[in-house]
Amino acid sequence: MRFHFEPLAENVYLSEDGSKVFIIDQTLLPNVSKVIALQTAEEIYEAIFQLRVRGAPAIGICAGYGMFVLAQQIRTEDPQEFLTQFRKYKEYLNSSRPTAVNLSWALTRMEGVVTANLSRPVEEIVRLLGEEAVKIQQEDIQMCRAISEYGLSLIHDGDGILTHCNAGPLATSRYGTALGPLFLGKERGMNFRVFADETRPLLQGARLTSYELQKGGLDVTLICDNMASIVMKNGWINACFVGCDRVAANGDAANKIGTSGVAILAKHYGIPFYVLGPTSTIDLSCKTGDDIEIELRNPDEIRSKFYQEPMALPEVKCYNPAFDVTDHTLISGIVTEHGVCRAPYEQSLAALFEKAI
């Protein structure tokens with residue numbers, strides 16, 4: 001079986017013959033830009049778990065391509081046996097990151113291709129899986145552009161924008177979600193003053209967001225996570241734009257740890273706080289933020305990672321959640337590819353999916 005794939009983006013893409021997934025290793029940025037190849041289930045799992053590929057949409061894209069790569073390695077001509085082995089790969093990859101809904105969304109979508117085509121030869125099923133994986137990325141490119149357009153309508157030339165974590169091209173395809181409006185505005189001659197939180201525990205704001213914005217020619221200032229209050233008090237922030245890894249049916253939104261604190265501060269200072277993400281991150285089966293599983297990571301990520309020497313004694317206990325949940329009452333709007341949802345979110349998010357259908 002022969003495949004030929006043209007890269008749709010630079011951060012996650014298939015090899016020309018479809019046998020490998022290539023990603024930019026985000027753990028090495030900003031000092032080293034390196035593309036690595038993933039071919040085995042263990043390599044794909046490790047890349048997602050270790051955040052070599054990260055950002056909810058990018059994880060979903062990688063998962064889609066990864067399942068196609070693994071599907072080619074299943075040695076059987078029996079569709080039912082193919083499905084059994086396919087599901088083992090699916091469950092294994094799904095266990096790598098529990099919070100980002102795009103991972104399970106993409107894996108389930110790929111599984112659906114198999115279950116819908118069990119009457120076909122395995123070779124044909126594999127070909128269809130490749131086409132579906134490409135569609136996932138193509139759709140993300142279109143979604144990011146639409147999100148960027150809607151997000152840009154909420155801000156003005158010269159505004160100061162505060163962002164938390166990383167939701168730019170590295171985390172998605174092309175423009176990004178939370179950073180997408182800023183890049184799109186820049187293309188149209190608009191200028192913004194962007195303040196990027198460093199974003200603990202993995203410093204994704206410092207390592208990735210400031211990197212992308214600086215390379216993109218935007219005015220970016222890096223601040224520590226505990227400096228958001230003073231820049232807001234100084235009157236430098238007109239709006240907060242953040243991404244999301246999962247949005248519950250009531251509008252509660254999970255994003256990188258510290259996001260809820262930014263939302264609380266924004267509420268205090270009367271600054272609009274917007275969550276930007278594709279509808280694939282909205283989980284209507286999840287009623288509230290209390291139902292979102294929060295990933296706990298290695299304590300050494302805050303005790304010693306990124307330091308030449310440990311910053312705390314080895315016996316000091318560390319609590320290292322990767323995400324927190326921002327209450328829907330703190331969110332001014334949820335920006336999707338289909339428009340801006342406003343409170344009450346139980347109604348507007350449900351209507352969003354009806355509109356999409």
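Q: What share of the contacts with a separation of 6 or more comes from residues 24 or more positions apart?
A: In this predicted model, such pairs account for 74% of those contacts in the protein chain.

Q: How many helices and strands does the chain have?
A: There are 11 helices and 14 strands.

Q: What radius of gyration would a compact globule have with 357 residues, and what does the protein chain have?
A: The general idea is to set the chain against a compact globule of its length. For 357 residues that globule would have a radius near 21 Å. The protein chain has 20 Å, so the two agree. Its C-alpha trace spans about 65 × 50 × 40 Å along the principal axes.

Q: How do I read burial over the whole chain, and what percentage of the residues counts as buried?
A: Buried means under 20% relative accessible area. By that cut-off, 55% of the 357 residues count as buried. The accessible surface comes to about 15,300 Å². Carbon and sulfur atoms hold 51% of that surface.

Q: Which residues have the most contacts inside the largest nonpolar core?
A: They are Val-12, Val-21, Ile-23, Phe-82, Phe-86 and Leu-129, in a core of 45 residues. Elements giving two or more residues to this core include strand 1 (12-14), strand 2 (21-24), helix 3 (79-94) and helix 5 (122-152). Helix 2 gives the largest share, 12 residues.

Q: Which residues does Leu-129 contact, leaving aside its neighbours within four places in sequence?
A: Leu-129 is in contact with Phe-68, Ala-71, Phe-82, Phe-86, Met-110, Val-113 and Val-114.

Q: Which residues does the UniProt annotation "binding site" cover?
A: Read such a label as a record entry, then look for the residues in the model. The unreviewed UniProt entry lists Arg-54, Gly-55, Ala-56, Arg-97, Gln-204, Asn-255 and Lys-256. In the model, the lining of the largest cavity takes in Arg-54, Gly-55, Ala-56, Arg-97, Gln-204, Asn-255 and Lys-256 from this set.

Q: Where is Ala-56 placed, and is Ala-56 buried or exposed?
A: Ala-56 sits in helix 2 (residues 56-71). Ala-56 counts as buried because its relative accessible area is 3%, and the cut-off is under 20%. Beyond residues up to four places away in sequence, Ala-56 touches Ala-100, Asn-102, Ala-171, Cys-244, Asp-245 and Thr-281.

Q: Where is Asn-255 found, and what does Asn-255 contact?
A: Asn-255 belongs to strand 9 (residues 253-256). Its relative accessible area is 4%, so Asn-255 is buried. Its contacts outside four places in sequence include His-164, Cys-165, Val-242, Cys-244, Asp-245 and Phe-323.

Q: Which value does phi take in Leu-203, and which in Phe-306?
A: Phi of Leu-203 is near 55 degrees, a positive value. Leu-203 is in the loop between strand 5 and helix 7. At 13% relative accessibility, Leu-203 counts as buried. Phi of Phe-306 is near 75 degrees, also positive. Phe-306 lies in the loop between helix 10 (300-303) and strand 12 (323-326). Phe-306 is partly exposed, at 38% relative accessible area.

How values were computed. Residues numbered from 1 in each chain as written. Predicted model: local features only at pLDDT ≥ 70, side-chain atom pairs only at ≥ 80, totals over all residues. Heavy atoms only, no water. UniProt positions renumbered as here; feature names shortened; annotations may be inferred. 1 Å grid on protein atoms, 1.4 Å probe; cavity = no way out; pocket = protein on both sides within 12 Å on 5 of 7 lines; lining within 4 Å. Helix = DSSP H or I, 4+ residues; strand = E, 2+ residues; numbered from the N terminus. Buried < 20%, exposed > 50% of the residue type's maximum accessible area, 1.4 Å probe, protein only. Contact = heavy atoms within 4.5 Å. Core = buried A, V, L, I, M, F, W, Y, C linked by side-chain atoms within 4.5 Å. Rg over C-alpha atoms; globule rule 2.2 N^0.38 Å. Areas by Shrake-Rupley, 256 points an atom, 1.4 Å probe, with all protein chains shown as cover.
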